[in-house]
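Hi,

Here is the structure I said I would pass on. Have a look at it first, and my notes follow below.

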Amino acid sequence: MNKSIFEFTHYKDYLEAKTGTEGTRKGVKSAIAKAMNCQPTYVSQVLHGKAHLSLEQAEIINGFFSHSRDESFFFILLVQKDRAGTKSLRVFFQEQIEEELRKRLILTKRLDPKESLSEINQATYYSSWIYTAIHMALTVPGLRTRERIAEYLHLPIQKITEALDFLISIGLVCSTNKGFEVTHSHIRLGRESKNVLKHHTNWRLQAMESLD
């Protein structure tokens, strides 16, 4: 499932999509149930019945799917809206959901592809080989999901999520229905930039570690 959580209006629809096709659904449900310390039948009741996740269970789901901070917050909002017992409370959470979507739209419009990165963002980008590795990996069609990148780079999926969060926030990566993709933004460093040396050092160290 490559659709972003921000494309959903109900958390149950999102979870149903995340559990995969009919042939793989049972295994994912069982894994979710194990993470929440409950029976798989309860997960089915949440997906297809009247049962709802508690906020504590929603937090566990955030960890299970390695949601980013923004995704986690949005998922909690969806759960709270669908759990709301009154119309006014549902409206309250719906307004917060719409506000989050507006913020994301404003951020997307603000990130001009021709806009250069600030020195602070450049310093973060070149602080570790992981950012550049993920950025380049996303140019490969088969490496467009957190799971595939984590497997390919032999890194924890949470670290991949945090790095993707940063790359999205500075406009170098975007989330689409095909997965994560690079944008048309570029980073250009002058020869005098101290980040050039940092960039080369990162990869020299990584190359040395790979020899071990």
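**What I found**

Going along the sequence, the chain reads α-α-α-α-α-α-α-α-α-α-β-β-α. That comes to 11 helices and two strands. Keep in mind that this is a predicted model.

Some overall figures to start with. The chain has 212 residues, and 38% of them are buried. If you take contacts between residues at least 6 apart in sequence, 59% of them join residues at least 24 apart.

Helix α8 covers residues 129-137 and helix α10 covers residues 157-169; they pack at an angle of about 80°, and their axes are 10 Å apart. Angles of 65 to 115 degrees count as roughly perpendicular, so that is how α8 and α10 sit to each other. On the α8 side, the residues in contact are Ile130, Tyr131, Ile134 and His135, and they meet Lys159, Ile160, Ala163, Leu164, Phe166 and Leu167 of α10. Sorted by class, this contact between α8 and α10 has eight nonpolar residues, one polar and one charged.

Two loop residues are worth a look as well. Asn37, in the loop between α2 (22-36) and α3 (40-48), has a positive phi, near 60°, though it is not a glycine. Asn37 is exposed, at a relative accessible area of 72%. His154 sits in the loop between α9 (146-153) and α10. The phi of His154 is also positive, near 55°, again in a residue other than glycine, and His154 is exposed, with a relative accessible area of 71%.

Cheers

Methods: Residues numbered from 1 in each chain as written. Predicted model: local features only at pLDDT ≥ 70, side-chain atom pairs only at ≥ 80, totals over all residues. Heavy atoms only, no water. Axes fitted to C-alpha atoms, helices over the stretch in contact; angles between N-to-C directions. Helix = DSSP H or I, 4+ residues; strand = E, 2+ residues; numbered from the N terminus. Parallel < 35°, antiparallel > 145°, perpendicular 65-115°, else oblique. Contact = heavy atoms within 4.5 Å. Nonpolar A, V, L, I, M, F, W, Y, C, P; charged D, E, K, R; others polar. Buried < 20%, exposed > 50% of the residue type's maximum accessible area, 1.4 Å probe, protein only.
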